[in-house]
Amino acid sequence: MDIGTARELALSMPGAEERDHFGNPAYRVAGKGGRIFMTQQLEAHTAVLMLDVEQQADLNATHPRCFMPHPSKWGAKGATLVMLDEVGVAVFKRALVTAWEHARPAPPRFDR
């Protein structure tokens, strides 16, 4: 998979917007409370999906050549490095949807 396809898929997510993140593109859910769900590292030809640690562990267990914890402290919190040269589009898209869902703001609660 290539970096352009990853970008297109990220921008196809409902409410997604692209912004600069320390010199690299980041994709976030638009609006108040929306968080980053993916960043790209253009020179390394990789992406980082923002998942929780269980989601990260599941992806790493099923596709260890494609998904691994990011080598920074964020990796221990679910930031997941994606080797774009190794991952197929369908597998990447499923992981991307998971990251997008994880980044959406929580729906309002109406307690009685």
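Threonine 46 counts as buried, at 4% relative accessibility, where buried means under 20% relative accessible area, exposed over 50% and partly exposed in between, computed with a 1.4 Å probe on protein chains only. The model is a predicted one, in which local features need pLDDT of at least 70 and side-chain atom pairs count only at pLDDT 80 or more, while totals for chains, interfaces and linings use all residues. Residues are numbered from 1 along each chain as its sequence is written, and side-chain values use heavy atoms, with hydrogens and water left out.

Threonine 46 lies in strand β4; helices (H or I, at least four residues) and strands (E, at least two) are DSSP runs, numbered from the N terminus. The side chain of threonine 46 makes a polar contact of 2.7 Å with the side chain of glutamine 41, a polar contact being a pair of N or O atoms within 3.5 Å, of which, within protein, one must be able to donate a hydrogen and the other to accept it, and for which residues adjacent in sequence count only if both atoms are side-chain atoms. When neighbours within four places in sequence are left aside, threonine 46 is in contact (heavy atoms within 4.5 Å) with Ile3, Gln40, Gln41, Leu81, Val82, Met83 and Leu84.

Threonine 80, placed in strand β6 (residues 79-83), is likewise buried, with a relative accessibility of 0%. The side chain of threonine 80 is joined to that of glutamine 56 by a polar contact of 3.3 Å, and it also reaches the backbone oxygen of glycine 78 at 2.8 Å. Beyond the neighbours within four places in sequence, the contacts of threonine 80 are Ala47, Val48, Leu49, Leu51, Gln56, Phe67, Met68 and His70.

Threonine 98, by contrast, is partly exposed, with a relative accessible area of 24%, and belongs to helix α3 (residues 89-103). Its side chain reaches the backbone oxygen of arginine 94 at 3.1 Å, and, apart from neighbours within four places in sequence, threonine 98 is in contact with Leu51 and Gln55. Threonine 98 and leucine 49, which are 49 residues apart in sequence, are separated by 8.9 Å from C-alpha to C-alpha.

Strands β1 (residues 16-21) and β2 (residues 24-29) run antiparallel and are joined by 6 bridges, at least two DSSP bridges being needed for two strands to pair. Aspartate 20 stands opposite proline 25 in β2. The two strands form a hairpin with 2 residues between them, and phenylalanine 22 in the turn has a positive phi of about 55°.

The largest pocket holds about 270 Å³ of space. On a 1 Å grid over the protein atoms alone, a pocket is an open set of points where a 1.4 Å probe fits, with protein on both sides within 12 Å along at least five of seven lines, and lining residues have an atom within 4 Å of a point. Phe22, Thr39, Gln40, Gln41 and Val48 are among the residues that line the largest pocket. The elements that give two or more residues to this lining are β3 (36-41) and β4 (46-50), and the largest share, 3 residues, comes from β3. The second largest pocket holds about 150 Å³ of space, and its lining includes Arg35, Asp52, Lys77 and His102.

Conventions:
Grid points are joined across faces, edges and corners, and a volume is the space filled by probe spheres set on the points.
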